[in-house]
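The entries are kept in the order of looking.

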Amino acid sequence: MKALIFDCDGVLADTELDGHLVAFNETFEHFGLPFRWSKEKYDELLAVGGGKERFIAFVKENPDYEKALPEPLEDFVLKVHAEKSKRYIDRVEAGLLPGRPGVARIINEALDAGWQVAVASTSAVASVEAVIRTVIGEEGRQRLAGVWAGDMVPKKKPAPDIYLEAMKGVNVEPENVVVVEDSNTGAKAAAAANVRYLVTLSTFTVNEEFPKATTVVSNLGEPGEPATIREGADVLQDGMITVESLDEILSLPIPSE
């Protein structure tokens with residue numbers, strides 16, 4: 001049995017810039033908060049896994065903002081995140097965040113070839129489910145082996161917990177798993193889970209380095225719209241990641257953490 005496990009944000013769809021960031025800033029305005037996040041600030045905050053955790057980290061960096069909150073941070077963050085998630089899902093369902101090249105194709109190829117396919121993300125479950133259904137449809141969602149997201153594990157990326165839990169759920173050994181990630185935070189989680197992983201660069205990660213990735217590509221590629229290799233093993237088939245490419249990846253060494 002083989003498994004292909006996808007991160008969500010930046011992998012299934014390029015969701016951060018026009019999705020999560022916009023939803024956060026709309027939420028800050030909704031609650032009358034005296035700050036907004038720039039693209040540059042959000043880029044910094046992406047090193048923190050999880051939306052609630054990002055908000056907490058930002059407020060803790062700015063004590064004056066914490067004093068200005070209408071209630072204790074640990075309570076208020078739940079209201080902020082719920083409002084933000086609703087606004088984000090509205091954007092997804094409005095079709096503003098389409099799937100990245102090659103994602104639906106390779107998911108269907110892998111499923112048809114008998115692979116287990118799952119999603120493992122530290123974003124909220126409802127947000128991840130909305131992206132999945134937008135990218136591969138309801139029928140595709142029903143074919144997945146599972147979705148692991150949100151607060152299902154005690155530690156978020158870069159801890160490996162979400163990938164370890166997903167592998168346990170699909171019942172596939174690490175040596176037969178390929179993870180698809182887009183960020184250093186996620187790459188560290190995959191490496192710590194002792195699995196092979198490839199990286200598809202997204203808006204906020206094009207300048208990051210991934211020395212332990214099996215391969216780093218611009219995207220997964222579509223017929224007539226080939227992906228490019230930035231570093232690592234050249235596993236593209238006619239400019240695309242295919243099931244045969246995934247088999248090639250499984251023959252390569254597992255990167256050390």
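The entries below go from the whole chain to the sheet and then to single residues.

**Entry 1: ground rules.** I note that this is a predicted model, in which local features need pLDDT of at least 70 and side-chain atom pairs count only at pLDDT 80 or more, while totals for chains, interfaces and linings use all residues. Residues are numbered from 1 along each chain as its sequence is written, and side-chain values use heavy atoms, with hydrogens and water left out.

**Entry 2: the whole protein.** I looked up the secondary structure and found 10 helices and 7 strands; these are DSSP runs numbered from the N terminus, helices being H or I of at least four residues and strands E of at least two. The C-alpha trace spans about 55 × 35 × 30 Å along its principal axes. I then checked the radius of gyration: the protein has 18 Å, which agrees with the value near 18 Å for a compact globule of 257 residues. That radius is taken over C-alpha atoms, and the globule rule is 2.2 Å times the number of residues to the power 0.38.

Of the 257 residues, 54% are buried. Buried means under 20% relative accessible area, exposed over 50%, and partly exposed in between, with a 1.4 Å probe and protein chains only. I also recorded that, among contacts with a separation of 6 or more, 61% join residues 24 or more positions apart, a contact being heavy atoms within 4.5 Å.

**Entry 3: the sheet.** I traced an open sheet of 7 strands in the order β3-β2-β1-β4-β5-β6-β7, with mixed pairing; two strands pair if DSSP finds at least two bridges between them. At the edges stand β3 (146–148) and β7 (229–232), each with a single partner strand, so one side of each lacks a neighbour in the sheet. The twist from one strand to the next averages 20°.

**Entry 4: strand β4.** Is β4 (residues 177–181) enclosed or open? I found 5 of its 5 residues buried, so the strand is largely enclosed by the rest of the structure. Val177, Val179 and Glu181 lie on one side, Val178 and Val180 on the other, and all are buried. Strand β1 (residues 3–6) pairs with β4 in the parallel sense over 4 bridges, and Phe6 stands opposite Val180. Strand β5 (residues 196–200) is also joined to β4 in parallel by 4 bridges, with Tyr197 as the bridge partner of Val179. From β4 the chain crosses through helix α9 (residues 184–192) to β5 in a right-handed β-α-β crossover; right-handed means that, with the strands pointing away from the viewer, the path from the first strand over the helix to the second runs clockwise.

Entry 5: Strand β2 (residues 116–120) runs parallel to β3 and is joined to it by 3 bridges; Val119 stands opposite Val147. Helix α7 (residues 125–143) lies across β2 and β3, at about 175° to β3. Axes are lines fitted to C-alpha atoms, for helices over the stretch in contact, and angles run from 0 to 180 degrees between N-to-C directions. I located Arg141 in α7; Arg141 is buried, at 14% relative accessible area. Beyond its neighbours within four places in sequence, Arg141 contacts Glu129, Ile132, Arg133, Ile136 and Val147.

**Entry 6: Pro101.** I placed Pro101 in the loop between α5 (73–93) and α6 (103–112). Pro101 counts as partly exposed because its relative accessibility is 30%. Leaving aside neighbours within four places in sequence, Pro101 is in contact with Asn219, Leu220, Gly221 and Glu222.
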